[in-house]
Amino acid sequence: MFDPIEMAKNAVLSLERHQRTPERLREIASQVAVVLRPTQGEISVDDLVKVLESEFDVWITPPVVVSDPDGHEPWLEQRRAGIKFSYWKRYRTLLSKRWKPGAIEALDGSTDQILGLMEDPKRPGSWKTYGMVYGQVQSGKTASYTGVISKAVDAGYQVVIVLTSQHESLRHQTQARLDLEFLGFNSKFTRDSTSGDSMNIGVGTLGLQKPEVACLTLTTRDSDFTAAKFQGSAIDIHSFRVLVVSKKNKRILENLRDWLANAATTGPDSSRLIRNAPLLLIDDEADYASVDTKKAAKGRTQSDPDHDPTAINKAIRELLELFEKRVYLAYTATPFANIFISESTSHEKYGADLFPRSFMVALEPPSNYCGPEVVFGLEDPSAAEIREPLPIIREIGDHEDWMPDGHRKGHMPELPLPASLVEALDAFVLSTAVRGVRRDQYSVGGGHNTMLIHVTRFTDVQGQVARQVQDHLRATADAWGDYGEAGRSVQRRLAALWEKDFAPTYDTLAEYTDVSSSIGPQVTWDQVRRLVPEVLENAAHGVRRINGTAADVLDYQSTTPVTVVAVGGDKLSRGLTLEGLSVSYYLRTSQTYDTLLQMGRWFGYRPGYLDATRLYTTPELVGYYVHITRANRELMDLTSAVARAGGTPKRVGLRVMDGVGNLQVTASAKMRSTKIMTVSFSGTRVETLVMLTSAKALRHNHAKLEKLVAEILPYGEVPPDRREGIGDGFFREGVPSSTVLDFFTGFAVSPRVLAANPENLTDYIRAQNDIGELTRWTVAVTAGNASNMLSLPGADIAMVKRKTITGHARVQDGEFEVGVLVSPIHESLGLSRERYRRAYERTVEEFRKSGREKKPARASGESLRGLRDPEEGLLLIYPIDPATSKVAVPAEVHGLPALGYAVVFPVSDRAQKVKYRVNEIFLNNLATAMGDDEEENEDQ
């Protein structure tokens, strides 16, 4: 008998992703119901549609690929029919038990692209490939390289080396995952796949045909590579596939190199290489330890052939140089350091440096990924209005007595625990109970439960924190069952947190249509309360210290959900997956974007419990993460632009070096920055996200605005049909560039405004004026919904309200920062209905090509800028109301707005580049941590 669900799913899978519209899903459900009616009776079309929508409601944008075809020979399509893909088929089958079909299809497609960019393992002669794959933190990079490994081994790659961070816990976790999803047996008990079925796990238990060529693992869950265990052992890497999962440790990598060298043979040119055994080296967290950070000798550069690189960089390059045929494939969520590697570096012994000269692949996360752009409410091209941050962030301000900033090794945190940590622990108990109710009563979600406490990098202090947290949870568990005042107090405390936080947060998130699939069924306090005692007991027993000196490990292999409170530092900030992470208590700061972003373990997938997720952190760190998110998005956009232009990987690094304004990217040892930067504003929008609030600046800028409005008042208003949906405000068109230049000249901005600095803008506008472009402008003073009004010559408009970022360490006295300035629809101001329609159609086509099933709510800014006349610019001015936006300003200037502006530049084929000198603050932000944090011991 045919299963109607499977029949309908197969029909949907036969469609292209962009064809899977709600209408098409209903059509398929109706067809299946008609076909099966004679044998199975009436089938509910509505129920079948709900199943299909739940299966196919996740879309994934195809990856962005930038490659250099020089020396590459396309091969995959010609060989595909002859490859059995046994390892991949096993992995795909395993994923089908927990992934949705669309996600598996996308993984299949992206791993095919990556494999095709690598060389054919059967290709004769010597060749090398240097590639990089990057995507968001916790978004599925491990799944990507597991798929690539499976397909590469199927295609004929003989040796696979996976490098993890310098921590054993991550190496252990990576080995365990590859055991489950690639090898199919538990390496903890056996090193090969020939010891029978008793050790089979994961893909080895599916009953599928085993791959013809077995894979030998030289490492286990409990043991990294040790030469002593293999001393004198014969190796025939041509008869087996070989897997090594190793830490980035100088001694281990050198031992591995020396042992593998036994398989090398001498060629006609006297070189000793491992021949006809293609190597795939996966460098996970590739910006960590792998990048050569050693300062070059005086008068020399890192690309000098005599430069002596850092130990890990050298060891990786030596491993690669040992093989005649090799692929270096970097994986990272923060690729800034990697793209700044010199692409011309080479060394007689160590070979080329690790710059991804062959290809870069940027993976966009699936639509159900809860990443920083969603958490912090940054601009979404599919939304019509500004998106608010998710209401899951709780700001901390009471930790200083317990864990002061700048504390040293040996610090003893004084009791009691700060109230914010007590609340966070209570929130974890409630969150875990919520998930338990949904698992038991609604069959939604389930799985492990984890809380992250990351407050110090010193392992001895982490030990003290873990003991205090365990004592607190133990006391709370004991008090809950007490019938006296202690028990009533604990119960009142948790009930109050439920009423003031969890219940209203659920109601708020239920209104967010873009995250609705990550929110589970509503539960009641009575349902939750019944599970609290069990959760408290499990949490008290589940406190784990995760650092280099502790014996605790995070083992999520149990099929029974575990409850863990992970207390740690550096180990928790690099690649380690915290399964079922629901509550994070995070104080640790860093000076660099890449380190901070890697510490964001709370980004990822929260199926059925996003409403029960909490991030407890400082306002300063929230501000940092907003900046990081912008930097990452800018890099992704730059990569897309280079890909569309047919550029090579080295162009991505150059564009970042030349043009991204406030990109504080990585440790200065990884980026020897120049003081001169250049920008081209063609097809861009620049804006002031930091505004001044001193009395002098407010008065000065307000006078500049009044003068501008008075001068442009006689010009024509923008007709209603060219400002549809924009709302109220002051709009003029045909304004000469001289008037706009006068407005920018002398406008007071924060020194942290770089790309949108008035000097840069005026230089660019004048350069374009010289070639007949940007000669006329549309100018708007936008109106908002703040309670206070702004009186201007000829106009009274409501000021704008914006969400401010408070407490940021880089926000100086007399300034404040906003998360988003520009309302998305405002970029369409001045365009005709016809041009807007064309821009919207372009955006729809972009969405279709990217596999998004949801239509955009508006035309994208990129599409709008592409249709704007090169002679016309757009100036948007935002008078932000300090009172409504909760910005402190001097009493004598109450009533004056803080002014921000955005400038929209049309695409120009003749755009001039403008050089500018970055300011001291920018250089100081770049010049952080000359001795890399990642090279330091946690105790240092």
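A salt bridge is taken here as a side-chain nitrogen of Lys or Arg within 4 Å of a carboxyl oxygen of Asp or Glu. The structure is a predicted model, in which local features need pLDDT of at least 70 and side-chain atom pairs count only at pLDDT 80 or more, whereas totals for chains, interfaces and linings use all residues. Residues are numbered from 1 along each chain as its sequence is written, and side-chain values use heavy atoms, with hydrogens and water left out.

Across the whole structure, 53 salt bridges are found. In one of them, arginine 776 is joined to glutamate 871, with the closest N and O atoms 2.9 Å apart. Arginine 776 belongs to strand β21 and glutamate 871 to the loop between α26 (861-866) and β26, so the pair ties together parts that are 95 residues apart in sequence. Helices (H or I, at least four residues) and strands (E, at least two) are DSSP runs, numbered from the N terminus. With buried meaning under 20% relative accessible area, exposed over 50% and partly exposed in between (1.4 Å probe, protein chains only), arginine 776 is partly exposed at 28% and glutamate 871 is partly exposed at 35%.

A salt bridge also connects the side chains of glutamate 717 and arginine 732 (4.0 Å, N to O). Glutamate 717 lies in the loop between α22 (695-712) and β20, and arginine 732 in strand β20, 15 residues apart. Arginine 732 is buried, at 8% relative accessible area, whereas glutamate 717 is partly exposed, at 49%.

Strands β20 and β21 are part of an open sheet of 5 strands with mixed pairing and the order β18-β27-β26-β21-β20; two strands pair if DSSP finds at least two bridges between them. Its edge strands, β18 (685-687) and β20 (729-736), each pair on one side only. Between β20 and β21 (residues 776-782) the pairing is antiparallel, over 6 bridges, and valine 781 in β21 is the bridge partner of phenylalanine 730.

Strand β14 (residues 563-568) is mostly covered, 6 of its 6 residues being buried. Thr563, Val565 and Val567 point one way from β14, and Val564, Ala566 and Gly568 the other way. Strand β12 (residues 449-454) runs parallel to β14 and is joined to β14 by 5 bridges; methionine 451 has valine 565 as its bridge partner in β14. Strand β13 (residues 543-546) is also parallel to β14, with 4 bridges, and isoleucine 546 has glycine 568 as its bridge partner.
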